[in-house]
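Please open the model in a viewer and keep the selection panel at hand. The stops below proceed from a single residue to its surroundings, and then to the other chain.

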Amino acid sequence: MAIRLTMRMSIAVSVLIVGACQSIEAHKIVETSTGQVKAIPVKGMPILVKRPTKAVFVATIRTFEVAGTATRDEATGRVIRQPGRTVTEVTITDKPILLGPVELFTLDLKRPAAGKIEYDLEFQDYYPTKISGKVEDKTISEIRQFAKDLLEKLAPSVTKQAGELQQKVLIKSEVKLVVFDLASGRVETVSNIN
Amino acid sequence: MRDLAEIFERFETDAGVVGIAFGAKETEGAFDPDTDAIAFIVDTKLPLLGAARRLEDGRRRIPNKVELGNRTIASDVVSWIEPRGTKVIKQSSGGPFHAGGQISNLSATGTYGCLVRKQGDQFVQAVTNRHVAIGANNVVFFPNASSPDMIEAFTVEDVDLIADEQFIPFQDEPNTYVDVDAAIVTIPQPDLAKFSVGIPTIGVPTAFHRPAHGSLADYKQSLVGRQVVSWSWNSGRREGQISHVLYTTRRGTGGPLVTYSFLVEGKDGTVPGLARDSGKAWTCTGPGGEVEVVGLHQGEITKGPTLSRFAVATEFWSLSELMQLSPYTG
């Protein structure tokens, strides 16, 4: 923590240099024991990063009662009912709420020898706070699918038959928070919201 | 013959057309039965801009005339929104088991138009929309599942989209379908005595009105301008006239072109139908004064909560040929 604080204080006056090389270089300004100010090159770019440790999804689980198909009594025309069944549908938020501490890192973003860097940066004060890229998007997508798969396994589901017209009535609707621990790769908790 | 659908495709995007139909030209709020027109149905009519090549909002202007096959026909821009004020009169039913009464599935309710016989089936059937009676082999209820007098009934057969040439042989376009949206529901024999074949304020339908099927022009001539009346437990008696035939719209981007048999314009500023009227019968008067069923109400041209001038309906004689139905008069 002490190191991080020092770096955060000093890099406030740092200079970013993007040279002909393929790395971005920053300078950390430090005060020596004799009171002199000295610039120490730091490989990479300082960045404040919200380091998510948990991803929280909001899921809605709806249970429907599906009427069974029927047949007709050919003597009277009356309905002969077939047993009904229940169907569960799970919907889950597209983007999770990411929880975790904000930390300072230096990132050594390699520039391609040709072409452009495909990162978007957002700044807060002097520091970039967000780098968005394809890798992060894919990770979130995979986590979301994981959470959805999990919820669908928790609740019974019936696959609809092609071409079947169903009469269904909503009999139960639950909203749940799914907390996904990113370090362990496991669902930490599934809690109800009433 | 170049189909209405092709003309619709040409104008639907850049001129804001929501549908296109064949009918009589509307002049100063009234339809002229002697002048054929291709009606471009739009949300609202907009003033022209500049040299009159574009509309006020920049969209393309509809030309005054269009080619339909080897004919040049006047065009008409018709707003589907009721412009003259609306009178919405709800009427209570006189009883649950008469034609025009209520029929429901587990989550929605509608109307059944009339009672019929189906060739080869020993039971009397009620005709309604498929979107009310759902598909074949489902259970529906007269009047609804929670009524103390409820009767459970069985949906025998349903028709959804069908290739246009199977419904109206003079139209045969690729990837074009008629939205028939019809179903028949068996009236259980022990309960048949509870049902009345008469439609309140209208009478007992004894025939299905047969339009001319020789060509689109003949079809239009035999239907457009005809005075029609309906009754449902939900909205009571509604009068109007058939204003256009073959209202064409698109179901989903790139999907098939969908045609409805005809449009009914409400009379004297009334809307021709309300939600839950689905499945009611549009009737007309035959040459001998008899009640003829001419259409099966499907709904209205709607967009949000705005009330519509036009109902869409399935032409009943073609439906009866397709499903082999005949009137049941008790």
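Two residues are in contact if their C-beta atoms, placed from the backbone, lie within 7 Å. The model is predicted, so local features need pLDDT of at least 70 and side-chain atom pairs count only at pLDDT 80 or more, while totals for chains, interfaces and linings use all residues. Residues are numbered from 1 along each chain as its sequence is written, and chains are lettered from A and ligands numbered from 1 in the order in which they are written.

**A residue in chain B**

Select B:Thr206, which lies in strand β14 (residues 205-208) of chain B. Helices (H or I, at least four residues) and strands (E, at least two) are DSSP runs, numbered from the N terminus. Beyond its neighbours within four places in sequence, B:Thr206 is in contact with B:Glu290, B:Val291, B:Pro327 and B:Thr329.

Is B:Thr206 buried or partly exposed? A residue is buried if 20 or more other C-beta atoms lie within 10 Å of its own, exposed if 12 or fewer, and partly exposed in between. B:Thr206 counts as partly exposed because it has 15 C-beta neighbours inside 10 Å.

**The paired strands**

Select strand β19 (residues 291-300) of chain B, which pairs with β18(B) in the antiparallel sense over five bridges. Two strands pair if DSSP finds at least two bridges between them. Here B:Val293 in β19(B) stands opposite B:Thr283. The two strands form a hairpin with five residues between them, and B:Gly289 in its turn has a positive phi of about 85 degrees. On β18(B), B:Thr283 also stands opposite B:Val229; strand β15 (residues 227-232) and β18 (residues 281-285) of chain B pair in the antiparallel sense over two bridges.

**Helix α5 of chain B**

Move to helix α5 (residues 316-323) of chain B, where B:Phe316, B:Ser318, B:Leu319, B:Ser320 and B:Met323 are buried. After α5(B) comes B:Gln324, with a positive phi near 60 degrees.

**Across to chain A**

Show both chains: the contact takes twelve residues from chain A and 17 residues from chain B. On the side of chain A that touches chain B, β6 (70-72) and β7 (79-81) are the elements that give two or more residues.

Finally, colour chain A by pLDDT, the predictor's confidence in each residue, from 0 to 100. Its mean is 66, and 47% of the residues of chain A reach 70 or more.
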